Amino acid sequence: MSGYVGILVSDPWLQNQFTQVELRSLKTHFMSMRRESGRVTLGELASKMSRLKVVGENLTEEERASFIHDFYPDHHDHDDVDFELFLRVYLKLQAHASARTGSNTKNSSAFLKAATTTLLHTISQSEKASYVAHINNYLAEDQFLKQYLPIDPSTNDLFEIAKDGVLLCKLINVAVPGTIDDRAVNTKRVLNPWERNENHTLCLNSAKAIGCTVVNIGTQDFIEGRRHLVLGVISQIIKIQLLADLNLKKTPQLVELVDDSKDVEELMSLPPEKILLRWMNFQLKKAGYKKIVTNFSSDIKDGEAYAHLLNVLAPEHSHQSTLAAKNPLERAKLVLEHADRMGCKRYLTAKDIVEGSPNLNLAFVAHIFQHRNGLSTQTKQISFLETLPDDALVSREERAFRLWMNSLGNSTYINNVFEDLRNGWVLLETLDKVSPGIVNWKIANKPPIKMPFRKVENCNQVVKIGKQLKFSLVNVAGNDIVQGNKKLILAYLWQLMRCNILQLLKNLRFHSHGKEITDVDILEWANTKVSNSGSQSRMDSFKDKRLSDGIFFLELLSSVQPRAVNWSLVTKGITDEEKKMNATYIISIARKLGCSIFLLPEDITEVNQKMILTLTASIMYWFLKQPVEERPSGTSDSESGSQSETISNSTIDDSASESSIEENGNM
């Protein structure tokens with residue numbers, strides 16, 4: 001594997017057409033083709049490229065052969081094909097396949113999730129201008145960034161400033177305060193390549209930890225300023241910030257949208273975009289608007305829904321001419337004038353409304369909700385919330401497992417594990433990534449699944465595979481997952497996550513010789529590392545209460561990378577505040593190294609046994625991936641794994657690839 005990672009393509013234009021991960025995947029395909037006969041000829045390409053998804057699925061072998069002949073009429077079938085020629089052929093064939101399927105003609109409303117996989121990379125200037133305005137507004141007072149702000153939206157300054165990683169780290173903290181410890185960010189005017197890479201690694205692992213989809217994005221993509229990828233991540237971060245209040249904990253008044261406690265539970269399980277649509281339709285019904293808005297694109301293009309929404313929320317600023325306007329563009333302009341009088345004119349232009357820009361319309365409606373939601377503060381229904389269970393530990397574990405599964409690049413984005421896993425499909429996808437080939441897809445039922453017994457069939461296979469993997473599943477049946485049994489779902493997910501961690505470590509430990517890695521192995525490794533660094537600290541188990549001060553993990557991080565911890569910033573960990581400061585620093589330092597982890601500071605200060613294990617194992621996994629020559633002096637192979645089985649990667653971070661779970665090592 002290490003032979004394929006450092007892919008060199010001499011043509012700068014060609015290199016710029018692909019992300020790091022796309023190049024790595026195509027290189028693997030090319031090497032596989034060449035291994036079969038020692039070479040690849042032009043005449044063989046049409047047949048051998050059938051394995052490549054877009055090109056293979058949408059063009060027949062005859063069509064591929066015909067196109068290749070048309071592309072290179074002066075070449076002969078027996079001519080050797082090198083990697084660069086292979087890439088050029090792939091690009092041309094992919095363009096033909098995409099043109100046929102129309103895969104690049106539609107814009108996703110899911111905040112550019114799909115943008116990271118297309119090869120015709122375009123960005124919306126309107127979106128760029130909107131996000132620049134957001135950054136200029138929210139980060140204007142930042143002590144480090146104010147030397148670069150405000151950014152001019154008509155230039156590419158945004159992408160230049162983003163190249164050192166500081167801007168995106170700061171933006172993540174605006175979206176979800178406290179995610180990144182500022183002490184871990186490298187902030188100086190000129191960063192060396194190592195420091196810049198650390199910032200991007202911290203940024204990408206933190207973005208995953210707040211719910212961003214960063215599949216197929218690596219640190220090099222940010223360093224090189226790949227505009228569509230940078231803008232895609234920025235848009236997701238801003239979306240998370242704008243939708244942060246769309247839940248019952250932050251806005252209990254949302255219970256006004258439902259009639260009884262059963263509906264409240266359903267509302268709690270909805271993704272924030274759906275709650276925003278439900279809120280919008282609730283207000284539109286009060287305004288007498290007859291249509292139902294189902295999206296933030298085609299349903300609002302004529303501006304009528306906006307006119308009614310703003311009239312009901314801010315009647316004092318309404319104007320009859322808005323609804324009377326015949327021209328949609330004119331009505332959109334009047335809508336924005338109304339919004340301006342409310343103090344809500346942000347994120348989009350009249351042109352964006354009539355063109356149905358889904359990202360910007362979603363941002364606009366979310367901003368209106370934040371500013372004036374029109375919900376009652378005296379509603380009796382808020383009493384429903386008092387009867388609902390509020391288990392902080394269950395909530396934290398659900399969050400960690402959800403973010404971990406979302407980071408794997410499954411087909412469905414999970415908003416709530418208790419609801420979104422009930423058909424079994426995403427669990428089967430995750431199992432297949434943890435243990436490739438273990439799922440029998442012939443008997444699996446793909447969503448949408450209307451018949452309940454089909455869901456049970458999927459979940460029965462989930463339970464069966466769990467038993468194959470030696471999970472503890474006494475008296476657990478597939479129907480328990482279909483019914484959304486929280487306790488059993490969390491228990492299954494923990495065992496699945498732990499199985500993944502142990503499998504990754506087993507694959508890296510040269511001396512395991514097929515022997516299973518156990519929790520004890522991880523514990524002993526951590527204690528040995530800390531002891532060998534000269535410290536007296538140790539942990540007796542993953543529930544050792546002494547771990548709450550964070551000192552052991554800081555010493556462990558320092559032992560695997562001596563320059564990782566700035567000890568002048570570490571507290572004694574005596575008071576609760578000091579413990580939390582250390583815990584926040586630990587998480588950011590681990591992510592900065594390249595650990596893909598989803599725990600919260602409270603999991604360290606309260607010594608949550610499961611999350612402590614994932615943290616320790618993630619640090620161990622990161623360390624074992626390092627080439628032996630890059631490890632701290634005094635580290636032996638017997639202690640840490642052999643060089644031959646270590647994954648060597650110039651960027652050394654779990655964010656660089658998510659094409660397979662074994663490569664990225666998410667914990």
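Select helix H15, residues 272–286. Its buried residues are Ile275, Leu276, Leu277, Trp279, Met280, Asn281, Gln283 and Leu284. Buried means under 20% relative accessible area, exposed over 50%, and partly exposed in between, with a 1.4 Å probe and protein chains only. Helices (H or I, at least four residues) and strands (E, at least two) are DSSP runs, numbered from the N terminus.

The model is predicted: local features need pLDDT of at least 70, side-chain atom pairs count only at pLDDT 80 or more, and totals for chains, interfaces and linings use all residues. Residues are numbered from 1 along each chain as its sequence is written, and side-chain values use heavy atoms, with hydrogens and water left out.

**Stay on H15**

Check the length of H15. The expected span is 1.5 Å times one less than the number of residues. For the 15 residues of H15 that gives 21 Å, and the end C-alpha atoms are 21 Å apart, so the two agree. Then step just past the helix to Gly288, where phi is positive, about 85 degrees.

**Colour by confidence**

pLDDT is the predictor's confidence in each residue, from 0 to 100. The protein chain averages 83, and 83% of the residues score at least 70. Select residues 1–7: pLDDT is below 50 there, and the stretch has 14 contacts beyond near neighbours in sequence. Contact means heavy atoms within 4.5 Å. Now select residues 102–120. Here too pLDDT is below 50, with 41 contacts beyond near neighbours in the model.

**Zoom out**

Show the whole protein chain. It holds 34 helices and 0 strands. Of its 667 residues, 54% count as buried. Take the contacts between residues at least 6 apart in sequence: 63% of them join residues at least 24 apart. The chain exposes about 29,400 Å², and carbon and sulfur atoms supply 50% of that. Accessible areas come from the Shrake-Rupley method with a 1.4 Å probe; for residues, only the protein chains shown count as cover.

**Into the core**

A nonpolar core is a set of buried Ala, Val, Leu, Ile, Met, Phe, Trp, Tyr and Cys residues joined through side-chain atoms within 4.5 Å. In soluble globular proteins, nonpolar side chains tend to be buried together. Which residues touch the most other members of the largest nonpolar core? They are Leu276, Trp279 and Met280, in a core of 170 residues. Helix H27 (residues 486–508) gives this core its largest share, 13 residues. Another core lies apart from it, with 26 residues, including Leu14, Leu23, Phe30 and Val81.

Centre on Trp279. Leaving aside neighbours within four places in sequence, Trp279 is in contact with Leu257, Leu309, Leu313, Val365, Ile368, Phe369, Arg372, Asn373 and Leu375.

**Next, H16**

Select helix H16, residues 304–313. It is mostly covered, with 7 of its 10 residues buried. These are Ala305, Tyr306, Ala307, His308, Leu309, Leu310 and Leu313. What covers them? The cover includes H15, helix H17 (320–324), helix H18 (328–342), helix H19 (350–355) and helix H20 (358–371).

**Cysteines**

Search for disulfides, meaning pairs of cysteine sulfur atoms within 2.5 Å. The whole structure has 0. Pick Cys212: the closest cysteine sulfur is in Cys203, 8.3 Å away, too far for a bond. Cys212 is buried, at 4% relative accessible area. Cys344 is buried as well, at 0% relative accessibility.

**Lys579**

Go to helix H30 (residues 576–593) and pick Lys579. Beyond neighbours within four places in sequence, Lys579 is in contact with Ser548, Asp549, Gly573, Ile574 and Thr605.

**Backbone stops**

Two cis peptide bonds come next.

- Leu149 and Pro150 are joined by a cis bond, omega about 0 degrees. Pro150 sits in the loop between helix H8 (125–138) and helix H9 (157–161).
- Pro447 and Pro448 are also joined by a cis bond, omega about 0 degrees. Pro448 lies in the loop between helix H24 (425–434) and helix H25 (452–468).

Finish in the loop between H25 and helix H26 (478–482), where Lys470 lies. Phi of Lys470 is positive, near 70 degrees, in a residue other than glycine. Lys470 is exposed, with a relative accessible area of 75%. Asn475 lies in the loop between H25 and H26 too. Its phi is positive, about 60 degrees, although Asn475 is not a glycine. Asn475 counts as exposed, at 74% relative accessibility.
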